[in-house]
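Visitor: I've never looked at this one before. Could you walk me through it, one question at a time?

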Amino acid sequence: MLTHPKPYSGLKASLLTQHGKESVICPQLLDSNGLEVVHISGYDTDELGTFTRDIPRYGSQLDAARKKARVGMELSGSMLGIASEGAFDNDPYTGMLAWNYELVVLIDDIRKLEVIGFFGGHAQSTSRQVSSWDELNALLSEAQFTTHQLVVRPDDEYHPECRKGIKDLESLKEAFDWATNLSKKGNVFVENDLRAHTNPTRMANILKATQDLSRKMNSVCPECESPGFWITERKKGLPCSSCEAPTNLPIANVWSCVKCAYKKEEMLLDQIKADPSKCDYCNP
Ligand SMILES: [Zn+2]
Ligand SMILES: [Zn+2]
């Protein structure tokens with residue numbers, strides 16, 4: 001992996017975003033890549049989708065990020081565009097925890113390429129239907145209120161009206177009373193606000209995705225010098241220490257260029273042989 005010189009040093013990119021994400025993305029790309037990122041505002045990215053189900057998202061997570069980056073490039077006339085997009089799901093290990101995937105994309109029309117940073121981690125995303133103020137109060141520590149803000153709506157998660165960005169007990173009580181009055185059966189739906197500026201756990205995950213993007217932007221292809229040269233595949237087949245048969249344990253990382261066809265295999269040297277307990281022949 002070549003890391004010098006930094007391919008984006010001295011260049012300028014647009015960042016179309018709202019909800020304060022520029023506060024983590026701009027300094028990171030300036031410090032690590034020498035890229036000056038100009039925050040573009042004045043376009044409501046919520047029109048491209050929200051987490052509160054009012055507006056469905058434009059295509060996949062990556063499609064949505066690309067769309068935002070393109071809009072920012074058009075508005076600013078920039079050849080480089082950055083945008084981010086988050087998604088929430090269950091964790092990939094147990095399927096029982098709230099999980100947050102963050103993606104930050106760089107579209108580079110100078111070199112005609114795209115580099116994508118990712119991070120997946122714990123999400124602060126509590127949600128519950130409650131029928132009393134006491135029940136709501138019992139939920140507050142799990143929801144990490146007040147460091148993390150809340151959204152309140154009448155009835156259930158599908159009610160079209162809501163109060164977002166609730167950050168103190170007084171406005172929570174007011175929102176609870178408002179929702180109770182509008183509710184058919186006196187139920188109120190409470191959930192964490194997932195917008196970045198209201199949810200520090202998510203903001204930290206956006207920083208980690210940006211750091212991933214930074215590393216990839218500084219890594220260039222040994223063949224054509226395009227940025228974004230990174231691991232795209234982990235090859236399995238570490239031989240068993242007893243019978244030498246290939247196991248499912250990783251043996252090498254495959255690095256690929258985003259522009260040309262160049263690939264490089266890098267053997268993983270931390271393990272020479274697999275324990276026979278991992279071998280399908282020795283331990284079927
Ligand atoms: Zn074996
Ligand atoms: Zn290349």
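## A first tour

Guide: Happy to. Let's start with one cysteine: Cys-224 has 33% relative accessibility, so it counts as partly exposed. Keep in mind that this is a predicted model.

Visitor: Then what about Cys-257, buried or exposed?
Guide: The cut-off for buried is under 20% relative accessible area. Cys-257 comes in at 11% relative accessibility, so it counts as buried.

Visitor: Which ion do those cysteines hold, and which residues are its protein donors?
Guide: It's the zinc ion (ligand 2), with SG atoms lying 2.3 to 2.4 Å from it. Along the sequence the donor residues follow the spacing C-x2-C-x32-C-x2-C. Cys-224, in the loop between α5 (200-217) and β10, and Cys-257, in the loop between β11 and β12, are 33 residues apart and link distant parts of the chain. The donors are Cys-221, Cys-224, Cys-257 and Cys-260.

Visitor: What is the arrangement of the four donor atoms around the zinc ion (ligand 1)?
Guide: The protein donors there are the SG atoms of Cys-240, Cys-243, Cys-279 and Cys-282. Four donors pass as tetrahedral if all angles lie between 85 and 135 degrees. Here the angles are 101 to 113 degrees, which makes the arrangement tetrahedral.

Visitor: How many residues apart are Cys-240 and Cys-279?
Guide: Both of these cysteines are buried. Cys-240 is in the loop between β10 (230-236) and β11 (250-256), while Cys-279 is in the segment after β12 (263-267). The pair links distant parts of the chain, and the separation is 39 residues.

Visitor: Moving on to the sheet, which are the edge strands?
Guide: This open sheet has five strands with mixed pairing, in the order β2-β1-β3-β4-β5. An edge strand pairs on one side only.

Visitor: In β4, which residue is the bridge partner of Gly-86?
Guide: Strand β3 covers residues 80-90 and strand β4 covers residues 98-108. They pair in the antiparallel sense over eleven bridges. For Gly-86, the partner in β4 is Glu-102.

Visitor: Which strands does α5 touch, and what angle does its direction make with that of β5?
Guide: Helix α2 (residues 61-76) lies across β1 (12-16), β2, β3, β4 and β5, running at about 155 degrees to β3. α5 packs on the sheet too, touching β3, β4 and β5. Its direction makes an angle with that of β5 of about 145 degrees.

Definitions and conventions
Residues numbered from 1 in each chain as written. Chains lettered and ligands numbered in written order. Predicted model: local features only at pLDDT ≥ 70, side-chain atom pairs only at ≥ 80, totals over all residues. Heavy atoms only, no water. Donors = N, O, S within 2.8 Å, 3.2 Å for Na, K, Ca; no water. Tetrahedral: all angles 85-135°; square planar, octahedral: opposite > 155°, others 65-115°. Helix = DSSP H or I, 4+ residues; strand = E, 2+ residues; numbered from the N terminus. Buried < 20%, exposed > 50% of the residue type's maximum accessible area, 1.4 Å probe, protein only. Pairing = 2+ DSSP bridges. Contact = heavy atoms within 4.5 Å. Axes fitted to C-alpha atoms, helices over the stretch in contact; angles between N-to-C directions.
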